[in-house]
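Q: I am new to this structure and would like to learn how to read it. Please take me through it one feature at a time.

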Amino acid sequence: MAEQISHAPHSLSVTTESAAVRTALISLALLFLALFLILPVIVIFSEALQKGLFVYFATFEDADAQAAIRLTLIVAGIAVPLNLFFGIAASWTIAKFEFRGKSLLITLIDLPFSISPVVSGLIYVLLFGAQGYFGPWLKAHGIEVIFALPGIVLATVFVTFPFVARELIPLMEEQGNTDEEAALTLGAGGLREFLTVTLPNIRWGLLYGVLLCNARAMGEFGAVSVVSGHIRGLTDTMPLHVEILYNEYNFVAAFAMASLLTLLALITLAAKTLLEMQYGEALARAPRV
Amino acid sequence: MHIRVIDVAKDFGRTGALRGVSLDVRDGELLALLGPSGSGKTTLLRVIAGLETPSVGRVFFGEEDATAVPVQKRRIGFVFQNYALFKHMSVRDNIAYGLYVLPRSEQPSKIEIRKRVQDLLELVQLPDIGDRYPRQLSGGQQQRVALARALAVEPRVLLLDEPFGALDAKVRKDLRRWLRELHGRTGQTTVFVTHDQEEALELADRVAILNAGKLEQIGSTDEIYDDPASAFVMSFVGDTSSIPIDCDGRRLLHEGQAFEAKFEGSCQGRGRLYLRPKDIAITDTAPGRLPGTILNVQRTAAGHRAQIAVGAQRVVVEAEVDPGKKPLIGERVGLQIHSGRVFAD
């Protein structure tokens with residue numbers, strides 16, 4: 001009997017499928033990935049570089065292209081810090097306090113994920129557009145929201161709101177209050193406590209949320225498209241500019257611009273993976289009580 | 001620091017509420033708050049710390065009414081059940097935290113802080129671990145670092161929440177003895193919460209027993225053990241068995257049968273007779289003795305113990321067994337009761 005056990009095929013657990021099934025499943029997954037993810041990325045870069053590096057880089061010397069890149073950076077530069085702040089505030093509130101309507105608040109935070117971005121954009125047109133509720137008042141005071149930077153920022157903030165909060169809520173809930181309480185009993189004031197104890201505790205999760213938030217803020221198309229008005233050189237963000245160039249059959253320029261966004265996605269992905277390694281380890285190290 | 005808790009109530013709408021608790025913590029004493037889970041002992045500790053605000057009642061630190069003083073300003077040292085060490089800081093920085101957050105004018109110099117931290121590390125007998133991180137420490141070491149961190153601010157009172165709860169039995173015993181010694185040396189007024197009666201008796205000068213949000217009794221360990229104020233205290237502290245009895249003013253009756261027993265307590269109507277194993281002697285079935293049948297005999301650390309079923313309802317009581325006279329299982333015996341306590345139902 002013992003002999004039999006020692007000669008049994010090793011490392012095959014009961015949940016493991018036969019070799020044929022495994023090979024089939026893995027190939028299927030790889031094929032799917034190649035077809036829907038890797039191939040498009042290759043296409044983007046090969047189309048962009050179709051006419052050589054010179055033409056590729058020349059695309060970015062165009063004034064409108066530069067304006068689009070600048071606008072995208074400005075929008076992300078405003079929207080991401082805002083959502084960083086809102087995200088911390090919301091997750092702090094949800095994770096550390098008990099109050100009525102908490103689950104409603106959690107649902108509301110998820111709303112931008114479940115609503116079509118186009119609808120999100122339309123909401124702002126309805127509110128701030130020329131025919132909207134606040135439109136006439138805004139016009140009278142010379143404030144432009146729709147077809148201008150504020151509208152684009154608003155739409156982007158709305159769409160990217162959940163990223164930071166969703167990342168932090170489970171993390172903060174798991175960590176509980178005791179570290180904060182310990183800091184308080186040692187005499188730390190609220191802000192001091194936040195900076196020296198809470199923030200270091202959530203730093204990896206926070207960075208991760210910010211990365212995702214930033215990627216989406218730069219890449220958002222639907223909501224921004226509705227509120228921007230597509231004014232070339234003024235209210236065109238990078239994704240919108242890609243569309244314009246594409247519709248003008250300027251494929252090289254369109255794909256060159258798209259390659260920048262893709263590059264951003266790849267960098268985010270790499271950073272996310274690195275963080276996950278770091279952050280997963282940090283979580284594993286946390287004492288289990 | 002002498003601390004007075006006066007008529008404190010705290011309503012949560014969940015377990016752990018307090019319903020009018022008053023007690024004194026004497027200057028320099030080591031007081032245990034003992035009770036089952038949900039009795040409100042941790043809540044009381046947190047009220048003293050200022051981590052909870054009482055719905056009613058006041059807390060005095062000496063002559064100062066501290067009820068409205070926020071936790072940061074109370075100058076207390078609190079050791080949390082899971083230690084709550086700051087994971088991203090070295091042991092040294094953890095201990096120094098309370099000094100670094102002092103206002104600039106009160107902050108000691110860097111050199112002084114370093115010296116104070118080293119002194120504390122020596123006090124908790126971990127002089128060489130200053131540069132390590134909490135995750136590199138064992139549970140017992142983390143516990144000591146948490147204690148050093150709480151002591152760094154020279155607190156007026158040291159508060160410990162289930163200080164040995166997360167440790168294994170051996171470490172727990174060592175740390176207990178060590179904490180007792182430390183208290184002997186520093187004379188630091190200390191309150192700790194525990195659900196372990198053995199721990200409370202071994203460690204504390206006085207014990208306060210809480211049950212369902214009320215203070216059942218506070219007193220020296222001897223008073224608590226030898227002179228319990230209620231049935232709850234009697235059965236919670238020490239091994240106790242009890243049998244339902246009636247009392248006609250002089251004699252005790254179990255299921256209508258009178259039996260001889262020495263006891264204290266009110267003897268009127270229905271109640272229960274509470275007994276410690278050492279207060280029962282197993283003898284023959286002479287008239288007047290409480291009759292029973294041996295169910296089982298077990299070895300304990302100290303000796304042998306028998307479970308005896310008494311009367312028709314077969315209420316089980318525990319008695320210590322003379323090593324020379326080990327009874328047989330199923331044997332009919334009589335119980336001689338040297339001392340017991342009657343509490344009315």
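**Reading chain B**

Q: What share of the contacts in chain B with a separation of 6 or more comes from residues 24 or more positions apart?
A: In chain B, 67% of the contacts with a separation of 6 or more are between residues 24 or more positions apart. Two residues are in contact if their C-beta atoms, placed from the backbone, lie within 7 Å. This is a predicted model: local features need pLDDT of at least 70, side-chain atom pairs count only at pLDDT 80 or more, and totals for chains, interfaces and linings use all residues. Residues are numbered from 1 along each chain as its sequence is written, while chains are lettered from A and ligands numbered from 1 in the order in which they are written.

Q: How many helices and strands are there in chain B?
A: Chain B has 8 helices and 20 strands. Helices (H or I, at least four residues) and strands (E, at least two) are DSSP runs, numbered from the N terminus. The C-alpha trace of chain B spans about 80 × 45 × 35 Å along its principal axes.

Q: How is a sheet read, and what is the strand order in the open sheet of 4 strands?
A: Strands of a sheet pair through backbone hydrogen bonds, either parallel or antiparallel. Two strands pair if DSSP finds at least two bridges between them. Here the order is β2-β1-β4-β5 (chain B), with antiparallel pairing. At the edges are β2 (18–25) and β5 (64–65) of chain B, each pairing on one side only. Strand β1 (residues 3–10) of chain B is joined to β2(B) by 6 bridges in the antiparallel sense, and Lys10(B) stands opposite Leu18(B) in β2(B).

Q: Which strands does helix α1 of chain B lie across?
A: Helix α1 (residues 41–49) of chain B lies across β1, β2 and β4 (56–61) of chain B, at about 120 degrees to β1(B). Axes are lines fitted to C-alpha atoms, for helices over the stretch in contact, and angles run from 0 to 180 degrees between N-to-C directions.

Q: What is the strand order in the open sheet of 6 strands?
A: The order is β6-β7-β8-β3-β9-β10 (chain B), and the pairing is mixed. Its edge strands are β6 and β10 (214–220) of chain B, each pairing on one side only. From one strand to the next, the twist averages 15 degrees. β6(B) and strand β7 (residues 157–161) of chain B run parallel, joined by 4 bridges, with Gly77(B) opposite Leu158(B) in β7(B).

Q: Which residues of α3(B) are buried?
A: An α-helix has 3.6 residues a turn, so residues three or four places apart point the same way. A residue is buried if 20 or more other C-beta atoms lie within 10 Å of its own, exposed if 12 or fewer, and partly exposed in between; C-beta atoms are placed from the backbone. In α3(B) the buried residues are Val117(B), Leu120(B) and Leu121(B). They lie on the same side of α3(B) because they cover an arc of only 100 degrees around the axis, the arc being that of the directions from the helix axis to the C-beta atoms. These buried residues pack against α2 (91–100) and α4 (139–151) of chain B. The face turned away from the buried side of α3(B) carries the exposed residues Ile111(B), Glu112(B), Lys115(B) and Glu122(B).

Q: Why does Gly140(B) count as partly exposed?
A: Gly140(B) counts as partly exposed because it has 19 C-beta neighbours inside 10 Å. Gly140(B) is in helix α4 of chain B.
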